[in-house]
Amino acid sequence: MLRASLLYLSERPAIFRFIKSNGLARKLSSRFVAGETLDTAIAAVRELNAAGVTATLDCLGESVHSAEEASAATATAIGILDRIAAEKLQANVSVKLTQFGFDVDAALCTANMRRVLDRGRELDTFVRLDMESSQHTQRTLDLFLSELHPSYGDRVGVVIQSMLRRSAADVDRLLAAKARVRLCKGAYKEPPDVAFPDKADVDRSYAELMELLLERGNYPAIATHDERLIARAKRQIWSKGIEHDKFEFQMLYGVRRDLQQELVKEGYRVRVYVPFGTQWYPYLMRRLAERPANIAFMVGNLWKESTR
Ligand code: FDA
(Lines give C-alpha, C1' and ligand atoms only; values in the text may rest on other atoms or scores of the structure.)
Protein backbone atom coordinates (compact mmCIF):
# COMPACT_ATOMS: atom_id res chain seq x y z
CA MET A 1 0.00 0.00 0.00
CA LEU A 2 2.76 2.43 1.02
CA ARG A 3 4.84 1.28 -2.00
CA ALA A 4 1.92 1.94 -4.34
CA SER A 5 1.34 5.39 -2.79
CA LEU A 6 5.01 6.37 -3.14
CA LEU A 7 5.08 5.18 -6.76
CA TYR A 8 1.87 7.15 -7.42
CA LEU A 9 3.48 10.28 -5.93
CA SER A 10 6.61 9.70 -8.05
CA GLU A 11 4.51 10.52 -11.12
CA ARG A 12 3.09 13.86 -9.82
CA PRO A 13 5.14 16.85 -11.07
CA ALA A 14 3.17 19.33 -8.96
CA ILE A 15 4.35 17.56 -5.82
CA PHE A 16 7.93 17.67 -7.11
CA ARG A 17 7.70 21.46 -7.51
CA PHE A 18 6.58 21.72 -3.89
CA ILE A 19 9.18 19.25 -2.58
CA LYS A 20 12.09 20.70 -4.57
CA SER A 21 11.75 23.99 -2.75
CA ASN A 22 12.11 22.11 0.53
CA GLY A 23 15.67 21.89 1.87
CA LEU A 24 14.93 18.77 3.93
CA ALA A 25 13.80 16.79 0.87
CA ARG A 26 16.90 17.88 -1.01
CA LYS A 27 19.01 16.59 1.86
CA LEU A 28 17.08 13.31 1.81
CA SER A 29 17.83 12.93 -1.88
CA SER A 30 21.59 13.19 -1.31
CA ARG A 31 21.68 9.65 0.05
CA PHE A 32 20.72 8.26 -3.38
CA VAL A 33 21.67 11.03 -5.80
CA ALA A 34 25.26 12.24 -6.37
CA GLY A 35 24.39 15.94 -6.37
CA GLU A 36 22.73 18.17 -8.93
CA THR A 37 25.71 18.78 -11.24
CA LEU A 38 28.06 16.71 -13.38
CA ASP A 39 30.95 17.92 -11.21
CA THR A 40 29.45 16.41 -8.05
CA ALA A 41 28.72 13.17 -9.89
CA ILE A 42 32.26 12.99 -11.28
CA ALA A 43 33.62 13.42 -7.74
CA ALA A 44 31.44 10.48 -6.64
CA VAL A 45 32.72 8.34 -9.54
CA ARG A 46 36.31 9.15 -8.64
CA GLU A 47 35.71 7.92 -5.09
CA LEU A 48 34.08 4.74 -6.36
CA ASN A 49 36.92 4.09 -8.81
CA ALA A 50 39.44 4.56 -6.00
CA ALA A 51 37.54 1.86 -4.07
CA GLY A 52 37.76 -0.56 -7.01
CA VAL A 53 34.20 0.01 -8.24
CA THR A 54 33.26 1.12 -11.76
CA ALA A 55 30.26 3.36 -12.43
CA THR A 56 27.47 4.13 -14.84
CA LEU A 57 26.42 7.79 -14.89
CA ASP A 58 22.82 8.84 -15.35
CA CYS A 59 21.67 12.43 -15.72
CA LEU A 60 18.23 12.23 -14.11
CA GLY A 61 15.22 13.22 -16.14
CA GLU A 62 12.33 11.39 -17.74
CA SER A 63 9.72 12.03 -20.41
CA VAL A 64 10.44 15.34 -22.12
CA HIS A 65 7.65 17.24 -23.87
CA SER A 66 9.44 18.98 -26.73
CA ALA A 67 12.13 18.46 -29.35
CA GLU A 68 14.22 21.22 -27.69
CA GLU A 69 14.23 19.43 -24.33
CA ALA A 70 15.11 16.16 -26.07
CA SER A 71 17.97 17.84 -27.85
CA ALA A 72 19.25 19.36 -24.60
CA ALA A 73 19.17 15.92 -22.90
CA THR A 74 21.09 14.47 -25.86
CA ALA A 75 23.77 17.16 -25.57
CA THR A 76 24.02 16.44 -21.83
CA ALA A 77 24.58 12.72 -22.44
CA ILE A 78 27.28 13.49 -25.00
CA GLY A 79 28.86 15.89 -22.48
CA ILE A 80 28.97 13.08 -19.91
CA LEU A 81 30.73 10.78 -22.38
CA ASP A 82 33.29 13.52 -23.14
CA ARG A 83 33.92 14.15 -19.47
CA ILE A 84 34.39 10.43 -18.69
CA ALA A 85 37.01 10.27 -21.44
CA ALA A 86 38.72 13.53 -20.44
CA GLU A 87 39.00 12.42 -16.81
CA LYS A 88 39.89 8.82 -17.72
CA LEU A 89 37.21 7.44 -15.42
CA GLN A 90 36.17 3.81 -15.17
CA ALA A 91 32.60 4.62 -16.13
CA ASN A 92 29.96 4.38 -18.82
CA VAL A 93 26.56 6.00 -19.33
CA SER A 94 22.92 5.00 -18.77
CA VAL A 95 20.11 6.86 -20.55
CA LYS A 96 16.34 6.80 -20.81
CA LEU A 97 14.75 6.92 -24.26
CA THR A 98 11.97 9.19 -23.03
CA GLN A 99 14.65 11.81 -22.23
CA PHE A 100 15.52 11.84 -25.93
CA GLY A 101 11.94 12.35 -27.10
CA PHE A 102 10.59 8.77 -27.33
CA ASP A 103 7.07 9.97 -26.47
CA VAL A 104 7.30 13.12 -28.63
CA ASP A 105 8.67 11.84 -31.93
CA ALA A 106 10.14 8.34 -32.27
CA ALA A 107 12.28 9.25 -35.31
CA LEU A 108 13.77 12.22 -33.47
CA CYS A 109 14.50 10.00 -30.47
CA THR A 110 16.29 7.45 -32.67
CA ALA A 111 18.38 10.21 -34.25
CA ASN A 112 19.27 11.58 -30.80
CA MET A 113 20.14 8.12 -29.53
CA ARG A 114 22.37 7.57 -32.55
CA ARG A 115 24.22 10.84 -31.84
CA VAL A 116 24.97 9.60 -28.33
CA LEU A 117 25.99 6.14 -29.53
CA ASP A 118 28.20 7.60 -32.28
CA ARG A 119 30.07 9.61 -29.65
CA GLY A 120 30.23 6.54 -27.39
CA ARG A 121 31.79 4.58 -30.25
CA GLU A 122 34.35 7.32 -30.94
CA LEU A 123 35.32 7.33 -27.29
CA ASP A 124 35.08 3.56 -26.89
CA THR A 125 32.45 3.88 -24.15
CA PHE A 126 29.40 1.71 -23.58
CA VAL A 127 25.88 3.18 -23.32
CA ARG A 128 22.94 1.39 -21.66
CA LEU A 129 19.26 2.08 -22.35
CA ASP A 130 17.51 1.93 -18.98
CA MET A 131 14.09 0.29 -19.05
CA GLU A 132 11.11 2.45 -18.12
CA SER A 133 7.48 1.52 -17.44
CA SER A 134 5.87 -1.36 -19.35
CA GLN A 135 4.20 1.06 -21.78
CA HIS A 136 7.67 1.47 -23.27
CA THR A 137 8.99 -2.09 -23.12
CA GLN A 138 7.97 -3.31 -26.57
CA ARG A 139 9.05 -0.14 -28.37
CA THR A 140 12.36 -0.01 -26.49
CA LEU A 141 13.20 -3.61 -27.37
CA ASP A 142 12.08 -3.13 -30.98
CA LEU A 143 14.33 -0.09 -31.40
CA PHE A 144 17.18 -1.83 -29.63
CA LEU A 145 16.97 -5.10 -31.57
CA SER A 146 16.10 -3.76 -35.00
CA GLU A 147 18.30 -0.65 -35.17
CA LEU A 148 20.66 0.05 -32.31
CA HIS A 149 22.15 -3.34 -31.55
CA PRO A 150 22.78 -4.19 -35.24
CA SER A 151 24.59 -0.83 -35.68
CA TYR A 152 26.49 -0.55 -32.40
CA GLY A 153 26.85 -4.17 -31.19
CA ASP A 154 28.51 -4.45 -27.79
CA ARG A 155 28.69 -0.65 -27.44
CA VAL A 156 24.99 -0.60 -26.48
CA GLY A 157 22.93 -2.62 -23.99
CA VAL A 158 19.44 -2.86 -22.63
CA VAL A 159 17.60 -3.75 -19.40
CA ILE A 160 15.15 -6.53 -18.55
CA GLN A 161 12.81 -6.36 -15.54
CA SER A 162 12.08 -9.70 -13.87
CA MET A 163 8.73 -8.41 -12.58
CA LEU A 164 7.25 -8.43 -16.10
CA ARG A 165 5.48 -11.59 -17.23
CA ARG A 166 6.90 -11.16 -20.74
CA SER A 167 10.56 -11.08 -19.66
CA ALA A 168 11.40 -14.78 -20.17
CA ALA A 169 10.46 -14.45 -23.86
CA ASP A 170 12.39 -11.17 -24.13
CA VAL A 171 15.51 -12.74 -22.60
CA ASP A 172 15.30 -15.54 -25.19
CA ARG A 173 15.30 -12.96 -28.02
CA LEU A 174 18.17 -11.02 -26.48
CA LEU A 175 20.23 -14.16 -25.90
CA ALA A 176 19.68 -15.16 -29.53
CA ALA A 177 20.93 -11.70 -30.60
CA LYS A 178 23.94 -11.97 -28.21
CA ALA A 179 22.93 -8.61 -26.77
CA ARG A 180 24.23 -7.16 -23.53
CA VAL A 181 21.54 -7.26 -20.84
CA ARG A 182 21.24 -5.76 -17.37
CA LEU A 183 18.79 -7.76 -15.26
CA CYS A 184 16.86 -5.90 -12.55
CA LYS A 185 13.57 -6.54 -10.75
CA GLY A 186 11.75 -3.44 -12.06
CA ALA A 187 10.95 -0.21 -10.26
CA TYR A 188 7.65 0.94 -11.79
CA LYS A 189 4.03 0.54 -10.74
CA GLU A 190 2.54 -2.05 -13.10
CA PRO A 191 -0.88 -3.72 -13.43
CA PRO A 192 -1.15 -7.41 -12.40
CA ASP A 193 -1.83 -8.64 -15.93
CA VAL A 194 1.56 -7.22 -16.97
CA ALA A 195 3.73 -7.80 -13.88
CA PHE A 196 3.78 -10.38 -11.09
CA PRO A 197 1.98 -8.83 -8.13
CA ASP A 198 3.75 -11.11 -5.61
CA LYS A 199 7.33 -10.32 -4.73
CA ALA A 200 8.09 -14.05 -4.42
CA ASP A 201 7.25 -14.46 -8.11
CA VAL A 202 9.41 -11.46 -9.08
CA ASP A 203 12.32 -13.02 -7.16
CA ARG A 204 11.73 -16.48 -8.66
CA SER A 205 11.63 -14.96 -12.14
CA TYR A 206 14.86 -13.05 -11.37
CA ALA A 207 16.61 -16.25 -10.31
CA GLU A 208 15.56 -18.07 -13.49
CA LEU A 209 16.54 -15.25 -15.84
CA MET A 210 19.81 -14.68 -13.97
CA GLU A 211 20.77 -18.33 -14.42
CA LEU A 212 20.13 -18.15 -18.15
CA LEU A 213 22.07 -14.90 -18.55
CA LEU A 214 25.04 -16.04 -16.48
CA GLU A 215 25.28 -19.24 -18.45
CA ARG A 216 24.58 -18.01 -21.98
CA GLY A 217 24.56 -14.20 -21.88
CA ASN A 218 26.97 -11.64 -23.32
CA TYR A 219 28.59 -9.99 -20.29
CA PRO A 220 25.33 -9.76 -18.28
CA ALA A 221 24.90 -7.24 -15.49
CA ILE A 222 23.33 -8.73 -12.37
CA ALA A 223 21.72 -5.62 -10.89
CA THR A 224 20.34 -6.32 -7.44
CA HIS A 225 21.04 -5.79 -3.74
CA ASP A 226 19.22 -9.00 -2.87
CA GLU A 227 21.72 -11.05 -0.89
CA ARG A 228 19.90 -14.32 -1.53
CA LEU A 229 20.06 -13.81 -5.29
CA ILE A 230 23.68 -12.71 -5.13
CA ALA A 231 24.55 -15.83 -3.11
CA ARG A 232 22.72 -17.92 -5.69
CA ALA A 233 24.67 -16.25 -8.50
CA LYS A 234 27.93 -16.97 -6.70
CA ARG A 235 27.01 -20.66 -6.32
CA GLN A 236 26.28 -20.91 -10.04
CA ILE A 237 29.49 -19.05 -10.95
CA TRP A 238 31.48 -21.40 -8.77
CA SER A 239 29.80 -24.64 -9.83
CA LYS A 240 29.89 -23.84 -13.57
CA GLY A 241 33.37 -22.32 -13.44
CA ILE A 242 32.19 -19.00 -14.91
CA GLU A 243 35.09 -16.55 -15.04
CA HIS A 244 34.78 -13.28 -13.15
CA ASP A 245 35.37 -11.16 -16.27
CA LYS A 246 32.32 -12.63 -18.02
CA PHE A 247 29.70 -10.65 -16.03
CA GLU A 248 29.37 -7.88 -13.44
CA PHE A 249 27.29 -7.15 -10.38
CA GLN A 250 25.59 -3.76 -10.33
CA MET A 251 24.09 -1.75 -7.48
CA LEU A 252 22.67 1.69 -6.92
CA TYR A 253 24.55 4.67 -5.50
CA GLY A 254 24.05 4.84 -1.75
CA VAL A 255 22.54 1.35 -1.42
CA ARG A 256 24.41 -1.48 0.36
CA ARG A 257 27.88 0.01 0.12
CA ASP A 258 29.01 -2.75 2.51
CA LEU A 259 27.92 -5.43 0.04
CA GLN A 260 29.57 -3.58 -2.86
CA GLN A 261 32.89 -3.62 -1.03
CA GLU A 262 32.49 -7.23 0.07
CA LEU A 263 32.07 -8.31 -3.56
CA VAL A 264 35.08 -6.26 -4.68
CA LYS A 265 37.19 -7.91 -1.97
CA GLU A 266 36.05 -11.30 -3.22
CA GLY A 267 37.35 -10.42 -6.68
CA TYR A 268 34.03 -9.69 -8.43
CA ARG A 269 33.46 -6.80 -10.81
CA VAL A 270 31.05 -4.27 -9.33
CA ARG A 271 29.52 -1.26 -11.08
CA VAL A 272 27.47 1.38 -9.29
CA TYR A 273 24.68 3.35 -10.95
CA VAL A 274 25.36 7.03 -10.18
CA PRO A 275 22.40 9.32 -10.82
CA PHE A 276 22.74 13.09 -10.64
CA GLY A 277 20.88 16.22 -11.70
CA THR A 278 18.05 18.46 -10.69
CA GLN A 279 15.24 16.06 -11.71
CA TRP A 280 15.78 13.72 -8.75
CA TYR A 281 12.24 13.52 -7.39
CA PRO A 282 10.76 10.48 -9.30
CA TYR A 283 14.03 8.59 -8.77
CA LEU A 284 14.04 9.30 -5.03
CA MET A 285 10.40 8.24 -4.69
CA ARG A 286 11.12 4.92 -6.43
CA ARG A 287 14.01 4.26 -4.01
CA LEU A 288 11.77 5.04 -1.03
CA ALA A 289 9.05 2.78 -2.44
CA GLU A 290 11.51 -0.12 -2.62
CA ARG A 291 12.26 0.15 1.03
CA PRO A 292 9.89 2.43 2.95
CA ALA A 293 12.11 1.89 6.02
CA ASN A 294 14.45 4.33 4.22
CA ILE A 295 12.11 7.16 5.11
CA ALA A 296 12.52 6.51 8.83
CA PHE A 297 16.25 5.83 8.37
CA MET A 298 16.92 9.09 6.52
CA VAL A 299 14.75 11.24 8.76
CA GLY A 300 16.50 9.66 11.78
CA ASN A 301 19.92 10.52 10.33
CA LEU A 302 18.92 14.08 9.57
CA TRP A 303 17.56 14.44 13.10
CA LYS A 304 20.83 13.10 14.57
CA GLU A 305 22.84 15.51 12.40
CA SER A 306 20.73 18.50 13.32
CA THR A 307 20.91 17.79 17.05
CA ARG A 308 24.63 17.00 17.11
P1 FDA B 1 14.72 -5.85 -3.39
O2 FDA B 1 13.90 -4.65 -3.62
O3 FDA B 1 14.04 -7.14 -3.12
O4 FDA B 1 15.73 -5.54 -2.23
C5 FDA B 1 16.61 -6.51 -1.70
C6 FDA B 1 17.38 -5.87 -0.54
O7 FDA B 1 18.21 -4.84 -1.06
C8 FDA B 1 16.51 -5.16 0.47
O9 FDA B 1 16.08 -6.05 1.46
C10 FDA B 1 17.44 -4.10 1.01
O11 FDA B 1 18.34 -4.66 1.93
C12 FDA B 1 18.23 -3.72 -0.20
N13 FDA B 1 17.61 -2.57 -0.91
C14 FDA B 1 16.94 -2.60 -2.08
N15 FDA B 1 16.56 -1.35 -2.45
C16 FDA B 1 17.00 -0.54 -1.48
C17 FDA B 1 16.92 0.84 -1.28
N18 FDA B 1 16.30 1.65 -2.15
N19 FDA B 1 17.48 1.34 -0.15
C20 FDA B 1 18.11 0.54 0.73
N21 FDA B 1 18.22 -0.79 0.59
C22 FDA B 1 17.66 -1.33 -0.49
N23 FDA B 1 14.73 -0.55 -12.53
C24 FDA B 1 14.04 -0.35 -13.69
O25 FDA B 1 12.82 -0.48 -13.70
N26 FDA B 1 14.71 0.00 -14.84
C27 FDA B 1 16.06 0.13 -14.87
O28 FDA B 1 16.62 0.43 -15.93
C29 FDA B 1 16.79 -0.09 -13.66
N30 FDA B 1 18.14 0.03 -13.62
C31 FDA B 1 18.82 -0.35 -12.48
C32 FDA B 1 20.22 -0.36 -12.47
C33 FDA B 1 20.91 -0.83 -11.38
C34 FDA B 1 22.41 -0.85 -11.41
C35 FDA B 1 20.19 -1.31 -10.24
C36 FDA B 1 20.90 -1.88 -9.06
C37 FDA B 1 18.83 -1.25 -10.23
C38 FDA B 1 18.11 -0.77 -11.32
N39 FDA B 1 16.74 -0.68 -11.31
C40 FDA B 1 16.07 -0.43 -12.49
C41 FDA B 1 15.99 -0.78 -10.02
C42 FDA B 1 15.53 -2.21 -9.77
O43 FDA B 1 14.51 -2.55 -10.68
C44 FDA B 1 14.99 -2.37 -8.33
O45 FDA B 1 13.89 -1.51 -8.16
C46 FDA B 1 16.00 -2.10 -7.24
O47 FDA B 1 17.27 -2.55 -7.59
C48 FDA B 1 15.62 -2.80 -5.93
O49 FDA B 1 15.53 -4.17 -6.14
P50 FDA B 1 16.56 -5.26 -5.56
O51 FDA B 1 16.94 -6.16 -6.68
O52 FDA B 1 17.69 -4.63 -4.88
O53 FDA B 1 15.69 -6.16 -4.62
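This report looks at a ligand site and at salt bridges in a predicted model.

## Ground rules

Residue numbers start from 1 along each chain as its sequence is written. Local features need pLDDT of at least 70, side-chain atom pairs count only at pLDDT 80 or more, totals for chains, interfaces and linings use all residues, and side-chain values use heavy atoms, with hydrogens and water left out.

## Around the ligand

The ligand is surrounded by 25 residues. The closest are Gly186, Lys199, Thr224, His225 and Glu290.

The shell holds eleven nonpolar, six polar and eight charged residues. Here Asp, Glu, Lys and Arg count as charged; Ala, Val, Leu, Ile, Met, Phe, Trp, Tyr, Cys and Pro count as nonpolar; the others, Gly among them, are polar.

## Polar contacts and cover

A polar contact pairs N or O atoms within 3.5 Å. Thr224 places a polar side-chain atom 2.6 Å from a ligand oxygen. For Lys185, the distance from a side-chain N or O atom to a ligand oxygen is 2.7 Å. For Gln161, a polar side-chain atom is 2.8 Å from a ligand oxygen. Alone, the ligand exposes 940 Å², and the protein buries 88% of that. These areas come from the Shrake-Rupley method with a 1.4 Å probe.

## Salt bridges

A salt bridge needs a side-chain nitrogen of Lys or Arg within 4 Å of a carboxyl oxygen of Asp or Glu. The count is 28. One of them joins Asp82 to Arg119, with the closest N and O atoms 2.7 Å apart.

Note on methods: Near = heavy atom within 4 Å. Polar contact = N/O pair within 3.5 Å; in protein donor to acceptor, adjacent residues only side chain to side chain.
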